[in-house]
Amino acid sequence: MTNTALTGAASPRGATAPAGPGTTGRPAPRPGLLLAIILSGQFMALLDVFIVNVAAPTIRTDLHASGAGLQLVIAGYTIAYAVLLITGARLGDLLGHRRLFLAGLALFTASSLACGLAQHTGELIGFRFAQGTGSALMIPQVLSLLQITFVGEARTRAMSVYSAVLASGAALGQSLGGVLVSADLFGTGWRPVFLVNVPIGLLMLAVAPRVLPADTRSAPERRRGLDLPGLLVLAAAVTLFTVPLVLGQEEGWPVWGWVCLGLSALLFAAFTALESRLARRGGAPLVSGRVLRSPGMARFVTVIVLTMAVNAGFLFAVALHLQSGLGFSALRTGLTFATCAVTFGGVGLTWRRLPAAWRPWLGVTGLALAAVSLAGLGLALRGGGDGGAWLYVTLLTLGAGLGLSFSPSFTLALVTVAPQDAADASGLLTTVAQLGQLVGVAALGSLYLNRLHGPGAHASAHSFAVTSAVLVAVCAAGALFTGIRRRRTA
């Protein structure tokens, strides 16, 4: 719920920037257009995490990519994005959110063009890393700009739209990827999945400078600094965590992968100790202690990580089952995912109409509904069938359940954070959401692949049944855990 002591009352226009560090204290020009611009950037960046999945077979054939090379094409973006998110958040706080958003958008747009024109696998991998870097500079500024521009109920509405975009981007990415690859526009095959970003990015670069609020930085904010030791330790920890997760299955989970995961745990512990020591000395850690102590933050983070892990793991396993097991085309697979995306995003836009007394329990309810839906999905696809109408019914209810667990949790976690902590909160929440997706694909995707014994619909259906059972267990355990936590803190 909104902390009015921090956010104030909503203005008639609903978008007066509160006076304070980094804001102008004047009404934001065209708040609706501002929201559209920054959320379009968010959507494009999120889309590129998933849109390449459906295009992967075509890319492999056209560029003669090896398995490892193709994996890096898909994962290079995610690695750069995850590693640099918190760095991007702090740079925005230091250099200006408007400036960093525009710089990240420009880099993302240019590298999207380069990806679409790439002639070799190595080129495409390098440009994908550049794309991820642009996203990491741009995306943390989205939340910060929302926090410092919108107040009161307007902020809650803006956050709901933001979480709906974030929630539905995964499924819509695969849907749009399927449409673009199947269309084979002008014989370009996979290239439109990257080139589609270019005209949108150029239009945004033309409009955004006229809409985004000007950057103003007070002396205390400049003194916060960059905390370079903390950034380096965190970047190393996230790198050692993400690389084995995205490459482990392709490489057969080698020893180096487990060593990297072990070292990442040590570095995360070292980062925690380093930041705690810095805070005790009066310094500025990467994530403010006020953010971590916000009411319900630990519970909200748990729900966000579980929801993103289940969503990403489910999308990965179902995409493989529908295309490899049941022989669905890329277009049919993409359109099938659209049913889940519609309710996921729809719930994100409408959950605020529910009674206020229900809101603290929506995360628990959403995870429980997702568990029931995944159980129904496993039953619908058993025996190698295509599920018929039940496939779409369960996807609709699954999207609603994941939307109920994710969107309110993300929004409620943010509206209690002070505007001056927006950068820290945006870096933390987008990073944990991204890491949740990586864990979901690595753990649940690997489970599906490891249980897949032989080709054919029946073998794939058996593998998916095991995966869906684990997904059900994860959702049920998450609902139980968060329900207990909520009751204890009520």
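These are my notebook entries on one predicted protein model.

**Ground rules.** I'm working with a predicted model, where local features need pLDDT of at least 70, side-chain atom pairs count only at pLDDT 80 or more, and totals for chains, interfaces and linings use all residues. Residues are numbered from 1 along each chain as its sequence is written, and side-chain values use heavy atoms, with hydrogens and water left out.

**Overview.** I looked up the secondary structure and got 18 helices and 0 strands. Helices here are DSSP runs of H or I with at least four residues, strands are runs of E with at least two, and numbering starts at the N terminus. The protein chain has 490 residues, and 57% of them count as buried. Buried means under 20% relative accessible area, exposed means over 50%, and partly exposed is in between (1.4 Å probe, protein chains only). Next I checked contacts, meaning heavy atoms within 4.5 Å. Of those with a separation of 6 or more, 83% come from residues 24 or more positions apart.

**The cores.** Which residues touch the most other members of the largest nonpolar core? I found Phe 101, Leu 146, Phe 314 and Leu 377, in a core of 85 residues. Such a core is a set of buried Ala, Val, Leu, Ile, Met, Phe, Trp, Tyr and Cys residues joined through side-chain atoms within 4.5 Å. There is also a second, separate core of 20 residues, with Ala 65, Cys 115, Ala 118 and Trp 190 among them. I then zoomed in on Phe 101: leaving aside neighbours within four places in sequence, its contacts include Ile 37, Met 138, Gln 141 and Leu 212.

**Helix pairs.** I picked α4 (residues 97-117) and α5 (residues 121-149), whose axes come within 7 Å and cross at roughly 150°. Axes are lines fitted to C-alpha atoms, for helices over the stretch in contact, with angles from 0 to 180 degrees between N-to-C directions. That makes α4 roughly antiparallel to α5, a word used for angles over 145 degrees. For α15 (residues 362-380) and α16 (residues 388-415), the axes come within 7 Å and cross at roughly 160°. So α15 and α16 are roughly antiparallel too.

**Val 466.** Is Val 466 buried or partly exposed? I have it as partly exposed, with a relative accessible area of 23%. Val 466 sits in helix α18 (residues 457-489). Not counting residues up to four places away in sequence, Val 466 touches Leu 447 and Arg 451. I also noted Gly 378, which is 88 residues from Val 466 in sequence and 8.4 Å away in space, C-alpha to C-alpha.

Methods: Angles under 35 degrees count as roughly parallel, over 145 as roughly antiparallel, 65 to 115 as roughly perpendicular and the rest as oblique.
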